[in-house]
Amino acid sequence: MPRHPRIDRTAEWRSLAKLAKSFKSVSLRDLFAADPARGTRYALAFDKLYLDYSKNLFDGEVLSLLLALADRAGLPAAREAMFTGRKINLTENRAVLHVALRNRSNAPIFVDGKDVMPGVNEVLSRMADFARRVRAGEWGGEPGRRIRAVVNIGIGGSDLGPAMAYEALKPFSDRELTFRFVSNVDGTHVSEALRDLDPAETLFIVASKTFTTQETMANAHTAREWLVRALGEEAVPRHFVAVSTAADKVAAFGIGTENMFGFWDWVGGRYSLPGAIGLSLMISIGPENFFAMLEGYHAMDNHFRTAPAAENMPVILAVLGIWYANFFGAQSMALLPYDQYLARFAAYFQQADMESNGKRVTRRGKPVGVTTGPIVWGEPGTNGQHAFYQLLHQGTRLVPCDFIGFKRSQNPVGEHHKMLMSNFFAQTEALAFGRTAEEVRALGVPEKLVPHRVFPGSRPTNTILADELDPKTFGELVALYEHKIFTQGVIWDILSFDQWGVQLGKELAGKILPELRDPSLPLAHDSSTNELIRRFREG
């Protein structure tokens, strides 16, 4: 990838900084009054997704500059470098090819001169065969018994992805199977997950590339001991499979390597759901629905790769995020899905965004000089309305919000969905236009209460409306936000696909653990840490 000038020293950045000063005093009421067609002018449709980004504080000049900024940062070349297998993860000298996992066109993608697609297809085929056998009661378990519970043991992307997707696509799952997801090394997590399960009918999927991840392997060994106590050592191969590349360690654990599903170092954990990490999801929803999800991913991949910037959903979302983070000082953004099945969507993208773009140096290791990744948070509506929307509407912080909703519910009960969606539409309207003091007075509110009842409005939102939450649409939504994150990383000139920030704490924990095991070991930390460890040792 070619070098570019530091982004905050470009003409586009300087022009945007000047415009931002004026837009801080512009209201969305003014913008809509000046352009009555704004609501349709600033909207995009792709497949079953509709993006309305009109309720943002910008105009055509701002948008043109933001898109020019992305171009100046080298987005087209960076995007093509990713899709064609160049090693854009510079600190680990790796390609970044999660797009290969869902490359349904099967067009060749090369890394070091080798087409990766035959390997991808082989793993997906083996996953599909395995999933069908488990779902049909033909794999594992004890004689005369079938698998009725699947426990996925992983952490980070090996947990957040399949756990979030399982909840999102639960209407398509086999309801005769129970699914649990264990990640936290806190013994409570694995204990509660296993409490009511029958060992004879339980399958464990241990997801760890190296089979050395501390939390995952601690939970895996606890699960193994639980199984062996009930069924004996000989039961391990019938109840455990691995998602890993460490064949020797998998075999030493007692798992047959024929029941090991591999992946590659060019897939980061937080982008790994469409591959072997998604095995528990494939068992849940079945291979056909899993492949429909991959079709959705692939459709959005192609859209991101080929659509002009002004018609490109991930690019539009990305540059608007840059606008607020870097020119308005917004520190966070809220993901607000109005669908209970997406209850963990914000948590998933909290990792995907904050682990990817929570960086302080450029690709060349220099201080980045600008604000990078936002804090990502959110809850499903309408729960959030009764929790934190007060701050969104009347607080002192600017929090851009993405609202995600669906025309049809998977559970059409009475008027529930109409009630839900009436709130969905009302919230973006209220955040955008607010209520003035004059409008409050016209309601007959006593003067002393008027300031408390004013809504300033001009709180920016994007609205994504889809037909329904099905596997293909879900894949499109996930890929949409993945590519938004990538685009922002390119503009900030940071490396979005490593995560060295998680290492220091792991290293220090490795030093402290022996000190907790053996109270006689001397302590050589700072005075705070030493005292805390002493108090823990006291029990």
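Modeller: A nonpolar core is a set of buried Ala, Val, Leu, Ile, Met, Phe, Trp, Tyr and Cys residues joined through side-chain atoms within 4.5 Å. Buried means under 20% relative accessible area, exposed over 50%, and partly exposed in between, with a 1.4 Å probe and protein chains only. This is a predicted model: local features need pLDDT of at least 70, side-chain atom pairs count only at pLDDT 80 or more, and totals for chains, interfaces and linings use all residues. Residues are numbered from 1 along each chain as its sequence is written, and side-chain values use heavy atoms, with hydrogens and water left out.

Biologist: Which residues touch the most other members of the largest nonpolar core?

Modeller: Trp 266, Ile 283, Trp 323, Phe 345 and Phe 474 do, in a core of 130 residues. Beyond four places in sequence, Trp 323 is in contact (heavy atoms within 4.5 Å) with residues including Leu 16, Phe 23, Leu 57 and Phe 328. A second, separate core has 25 residues, among them Val 151, Ile 153, Met 217 and Ala 235.

Biologist: Why is Glu 295 called partly exposed?

Modeller: Its relative accessibility is 36%, so Glu 295 counts as partly exposed. Glu 295 sits in helix H14, residues 287-306. Helices (H or I, at least four residues) and strands (E, at least two) are DSSP runs, numbered from the N terminus.

Biologist: Why does Ser 458 count as buried?

Modeller: Ser 458 has 14% relative accessibility, therefore it counts as buried. Its loop runs between helix H20 (450-453) and strand E13 (461-466).

Biologist: What makes the phi of Ser 458 worth a mention?

Modeller: Phi of Ser 458 is near 60°, a positive value in a residue other than glycine. Most residues other than glycine have a negative phi. Asp 47 also has a positive phi, near 50°. Asp 47 is in the loop between strands E1 (43-46) and E2 (49-52). At 44% relative accessibility, Asp 47 counts as partly exposed.

Biologist: How do you know that the bond joining Gly 381 and Thr 382 is cis?

Modeller: Omega is about 5° for that cis peptide bond. Most peptide bonds are trans. Thr 382 lies in the loop between strand E11 (375-377) and helix H17 (389-394).

Biologist: Which residues of helix H5 are buried?

Modeller: In H5 (residues 75-83), they are Leu 75, Ala 78, Arg 79, Ala 81, Met 82 and Phe 83. Their packing partners include helix H4 (60-72), H14 and helix H21 (471-492).
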